[in-house]
Amino acid sequence: MTFQRKTALRIVRLLHSLRPKIRVAVGGYDPSLAAQAYMGEDSGIEFIVRGEGEVTFRELLRAIESERAFNSIAGLSYRDAGGWHENLPRPVHSLDGDEIRLPKRDARVLGGYTMLGRQVDVVETSRGCTFDCGFCSIIEMRGRNFHTYAFDRVIADIRDAYDRGTRSIFIVDDNISLNIKRFEALCQAIIDAGLNDVAYTVQAMTSPIAMHGETLAPLMRKAGFRYVFLGIENILQDDLVFLKASAKNEFREAGHKAGNATLRAIDHLHKNKMYVVGGLIVGNPDDTHESIEANLEFARRYVDWPYIQHPTPYPGTPMTKDFMARNLIKIDRMEEYDGTTAIVATEHLEPREIEYQRWRAERWMKTRHMPAVIAHDPRFVLFNWWKMLAHTFRGSSIRSVLGLESDRKVFERYCAIRSAERAYL
Ligand code: B12
Ligand code: SF4
């Protein structure tokens with residue numbers, strides 16, 4: 001990802017210092033959408049895999065093994081004595097058949113990842129999205145399309161993770177809620193396979209959850225879904241228009257627009273004992289203290305866990321062009337493009353001020369979810385509650401707890417901690 005660019009380039013340098021002859025390929029969102037950043041004379045990078053990686057990377061390895069030319073490998077850019085060459089793009093994969101095999105979990109170098117003490121893993125059931133939100137990289141990355149894996153494969157993938165001890169799964173689909181009939185059938189397949197004692201987390205749009213929640217939400221609950229990351233984005237219509245995210249948050253009745261879908265979606269999820277991770281984006285070009293506060297207040301009232309980000313100008317998104325045209329991008333250090341560092345100003349507020357407002361409110365919202373976590377994972381909380389609080393309130397001190405130090409001072413310390421974290425390599 002873009003915020004990992006600097007680290008990635010440093011890792012390449014480290015690899016070359018250890019093994020000068022190593023050949024380096026990069027891939028993923030940032031190399032695909034900002035290839036120039038990886039093409040510098042001294043970057044040490046020889047190959048860029050653009051878009052989906054599995055088949056392109058496999059073909060690259062086979063070509064290296066058999067010393068064949070690289071010019072027919074779709075989706076690849078490569079460097080030789082004549083400079084960089086950009087092959088034709090690779091069409092997106094249909095996900096049919098078994099060309100993309102199941103992940104080989106044995107091959108991982110690192111393990112030990114948990115979510116609230118439960119071993120966690122990721123599974124994908126589909127790729128792509130047909131919407132075009134202005135802040136999202138997906139369309140530039142792969143166009144507007146939606147492809148799905150067969151349920152047999154998905155269930156085999158979940159079972160593989162389960163058999164290795166996984167009890168918490170993050171479904172990483174770009175937008176699983178594009179086909180609700182399929183999503184309902186997937187829930188049923190998980191139940192039928194007896195894989196519903198896993199705590200699932202998924203991302204979804206509010207509109208389909210609001211419109212199909214009556215049948216979908218009980219099935220999700222039965223299948224083990226626990227956290228639903230809702231792309232609410234913003235509660236104000238003007239901001240939704242700027243983010244190009246109105247349609248996906250629209251409630252429709254008999255084919256007509258009937259208001260915002262968010263509260264209905266939240267209601268369905270809550271009635272079925274699921275938790276809402278509220279995805280909101282504050283700090284859009286015309287935002288003021290008041291419009292940001294309106295969103296923060298909404299999060300306080302309705303969401304269980306806030307996931308509040310600032311609009312971030314990732315390479316190639318429509319939103320980036322808007323911010324550039326209005327001259328509002330204030331920071332060009334890509335390592336800070338992590339969504340929770342404010343990079344852009346509004347017409348009324350500087351980035352630091354926006355970030356301060358979000359940070360100040362969000363810490364307290366997070367603590368309110370503690371009772372639900374204690375009820376579900378008491379042992380984990382017993383041994384880790386102080387670490388959870390210390391992380392949430394990073395930058396605080398005894399003096400600040402006693403009220404002898406201002407929130408501004410704590411915020412400065414929090415920013416300094418994050419800055420230091422970025423320079424770990
Ligand atoms: C699931 C998801 C998450 C989950 C991740 C769960 C997990 N632990 O894996 C959560 C919610 C935690 C998350 C967090 C974040 N995310 Co996110 N996330 C996604 C999402 C929806 C799908 C990513 C995914 O796994 N796809 C499935 C895999 C198979 O596809 P893939 O990653 O694209 O990889 C393929 C190719 O890119 C390529 N490839 C990738 N890496 C490599 C490497 C090599 C060497 C090669 C050859 C090929 C290759 O091959 C892969 C297979 O085809 C995307 C896209 C979207 N629609 O929003 C955003 C997305 C990737 N996230 C994004 C961002 C910014 C973030 C956050 C910074 C947001 C935040 N402030 O919290 C954090 C960063 C977290 C971190 N520290 O890594 C951005 C990245 C934008 C950019 N240009 O950098 C995206 C694109 C969304 C967006 N805004 O447009 N995310
Ligand atoms: S609905 Fe989600 S995946 Fe689709 S464009 Fe919008 S943010 Fe991206």
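The following legends describe close-up views of a predicted model.

In this predicted model, local features need pLDDT of at least 70 and side-chain atom pairs count only at pLDDT 80 or more, whereas totals for chains, interfaces and linings use all residues. Residues are numbered from 1 along each chain as its sequence is written, chains are lettered from A and ligands numbered from 1 in the order in which they are written, and side-chain values use heavy atoms, with hydrogens and water left out.

**Figure 1. Surroundings of ligand 1.** The shell around ligand 1 holds 31 residues, of which Thr-2, Glu-54, Ser-137, Tyr-307 and Asp-338 come nearest; a residue is near a molecule if one of its heavy atoms lies within 4 Å of it. Backbone N or O atoms of Thr-2 and of Ser-137 each lie 2.7 Å from an oxygen atom of the ligand. A polar backbone atom of Gly-53 is 2.9 Å from an oxygen atom of ligand 1. At least two shell residues are supplied by each of β1 (25-27), α3 (54-65), α4 (138-142) and β15 (305-309); helices (H or I, at least four residues) and strands (E, at least two) are DSSP runs, numbered from the N terminus. The shell comprises 15 nonpolar, 10 polar and 6 charged residues, where Ala, Val, Leu, Ile, Met, Phe, Trp, Tyr, Cys and Pro count as nonpolar, Asp, Glu, Lys and Arg as charged, and the others, Gly among them, as polar.

Figure 2. Around ligand 2 stand Cys-129, Phe-131, Cys-133, Phe-135, Cys-136, Ile-138, Asp-174, Asn-175 and Lys-248. By class, 6 of these are nonpolar, 1 is polar and 2 are charged.

**Figure 3. Helix α6 and its cover.** The 13 residues of α6 (residues 180-192) should span 18 Å at 1.5 Å a residue, and the end C-alpha atoms are 18 Å apart, which agrees; the expected span is 1.5 Å times one less than the number of residues. At the N-terminal end, Asn-179 caps α6 through a side-chain oxygen 3.3 Å from the backbone nitrogen of Lys-181. Gly-194, with a positive phi near 70°, follows the helix. Buried residues of α6 include Phe-183, Leu-186, Cys-187 and Ile-190, buried meaning under 20% relative accessible area, exposed over 50% and partly exposed in between (1.4 Å probe, protein chains only). Among the elements covering the buried residues are α5 (151-163), β10 (199-204) and α7 (206-223).

**Figure 4. Nonpolar cores.** The largest nonpolar core has 55 residues, and Phe-183, Ile-190, Tyr-200, Met-220, Phe-225 and Leu-230 have the most contacts inside it. Such a core is a set of buried Ala, Val, Leu, Ile, Met, Phe, Trp, Tyr and Cys residues joined through side-chain atoms within 4.5 Å. A second, separate core of 16 residues includes Phe-135, Leu-243, Met-319 and Val-344.

**Figure 5. Thr-206 in helix α7.** Thr-206 is found in α7 and counts as buried because its relative accessibility is 0%. Its side chain makes a polar contact of 2.5 Å with the side chain of Asn-249; a polar contact is a pair of N or O atoms within 3.5 Å, and within protein one must be able to donate a hydrogen and the other to accept it, while residues adjacent in sequence count only if both atoms are side-chain atoms. Leaving aside neighbours within four places in sequence, Thr-206 is in contact (heavy atoms within 4.5 Å) with residues including Leu-230, Ile-232, Lys-248 and Ala-261.
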